[in-house]
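Subject: Structure handover

Hello,

Here is the structure I said I would pass on. My notes on what was found in it come after it.

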Amino acid sequence: MIFYTKLVGVTFSNENSGENRQYIIRSLYRHGELDEGAELTMKMDPENKFDDHAVAVFAPDGRQIGHLPKQQAYQIFENMKRGVKYRMYVSCVTGGEAGNAYGVNVKIEY
């Protein structure tokens, strides 16, 4: 099964490093590391202060670039607890022109 979604939280800074996710996305995108098909990783984030079923998303270099939307995160989180394996890829990076924030659209397979 395949579905598509857009990452949320891409304009926040990472709590552990303070590094801004927009900076990470822009840098990786400009260097061709977030092109269509780049594989991303997902990790359950039960300590997230906004959602105890959060799923964090990480770039190929291991830095966090966002989260799954709450609607998809709950089911994916529960499935991951049961051992379901997912693969995630960049479908496109949006924005970035004229000072607009970057967005990351993804394709998820299981």
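Asn-14 counts as buried, because its relative accessibility is 4% and buried means under 20%. This and everything below refers to a predicted model. Asn-14 sits in the loop between strand 1 and helix 1. Leaving aside residues up to four places away in sequence, Asn-14 touches Glu-19, Arg-21, Ile-24 and Gln-64. Val-84 is 70 residues from Asn-14 in sequence, and the two C-alpha atoms are 26 Å apart in space.

Six strands make up an open sheet, in the order 1-6-5-2-3-4, with antiparallel pairing. Strand 1 (2-6) and strand 4 (64-67) are the edges; each has a single partner strand, so one side of each has no neighbour in the sheet. On average, neighbouring strands are turned by 35 degrees against each other, direction ignored. Strands of a sheet pair through backbone hydrogen bonds, in either a parallel or an antiparallel way.

The pairings can be taken one at a time. Strand 3 (residues 54-58) and strand 4 run antiparallel and are joined by three bridges. Ala-56 has His-67 in strand 4 as its bridge partner. Strand 2 and strand 5 are also antiparallel, with two bridges between them. Here Glu-39 stands opposite Tyr-89 in strand 5. Strand 5 and strand 6 are antiparallel too, and eight bridges join them. Val-90 is paired with Val-106 in strand 6.

Strand 5 and strand 6 form a hairpin with six residues between them. In the turn, Gly-96 has a positive phi of about 90 degrees. Ala-98 lies in the loop between strand 5 and strand 6. Its phi is near 50 degrees, a positive value in a residue other than glycine. Ala-98 is exposed, because its relative accessible area is 84%.

Asn-105 is in strand 6. Is Asn-105 buried or exposed? With 18% relative accessibility, Asn-105 counts as buried. Its contacts, not counting residues up to four places away in sequence, are Thr-5, Lys-6, Tyr-89, Val-90, Ser-91, Cys-92 and Thr-94.

The helices

Helix 2 (residues 70-81) lies across strand 1, strand 2 (39-45), strand 3 and strand 6. It runs at about 85 degrees to strand 2.

Salt bridges

How many salt bridges does a search of the whole structure find? The search finds six. Side chains of opposite charge can pair when their charged atoms come close.

Lys-49 and Glu-15 meet through their side chains in a salt bridge, at 3.8 Å from N to O. Lys-49 is in the loop between strand 2 and strand 3 and Glu-15 is in the loop between strand 1 and helix 1, so this pair ties together parts that are 34 residues apart in sequence. Lys-49 counts as exposed at 62% relative accessibility, and Glu-15 is exposed with a relative accessible area of 67%.

A salt bridge also forms between the side chains of Glu-39 and Arg-87, at 2.9 Å from N to O. Glu-39 belongs to strand 2 and Arg-87 to strand 5, so the pair ties together parts that are 48 residues apart in sequence. Glu-39 is partly exposed, with a relative accessible area of 36%. Arg-87 counts as partly exposed at 42% relative accessibility.

Glu-109 and Lys-107 form a salt bridge in which the closest N and O atoms are 3.4 Å apart. Glu-109 counts as partly exposed at 24% relative accessibility, as does Lys-107 at 23%.

The surface

Which residues make the nonpolar surface patch of about 320 Å²? Met-1, Val-84 and Tyr-110 make the patch. Met-1 is in the segment before strand 1. At 66% relative accessibility, Met-1 counts as exposed, because exposed means over 50%.

Regards

How values were computed:
Residues are numbered from 1 along each chain as its sequence is written. This is a predicted model: local features need pLDDT of at least 70, side-chain atom pairs count only at pLDDT 80 or more; totals for chains, interfaces and linings use all residues. Side-chain values use heavy atoms; hydrogens and water are left out. Two strands pair if DSSP finds at least two bridges between them. Helices (H or I, at least four residues) and strands (E, at least two) are DSSP runs, numbered from the N terminus. Axes are lines fitted to C-alpha atoms, for helices over the stretch in contact, and angles run from 0 to 180 degrees between N-to-C directions. Contact means heavy atoms within 4.5 Å. Patches are made of residues with over 30% relative accessible area and no salt bridge: like charges are joined within 9 Å, nonpolar side chains (Val, Leu, Ile, Met, Phe, Trp, Tyr) within 5 Å. Accessible areas come from the Shrake-Rupley method with a 1.4 Å probe; for residues, only the protein chains shown count as cover. A salt bridge is a side-chain nitrogen of Lys or Arg within 4 Å of a carboxyl oxygen of Asp or Glu. Buried means under 20% relative accessible area, exposed over 50%, partly exposed in between (1.4 Å probe, protein chains only).
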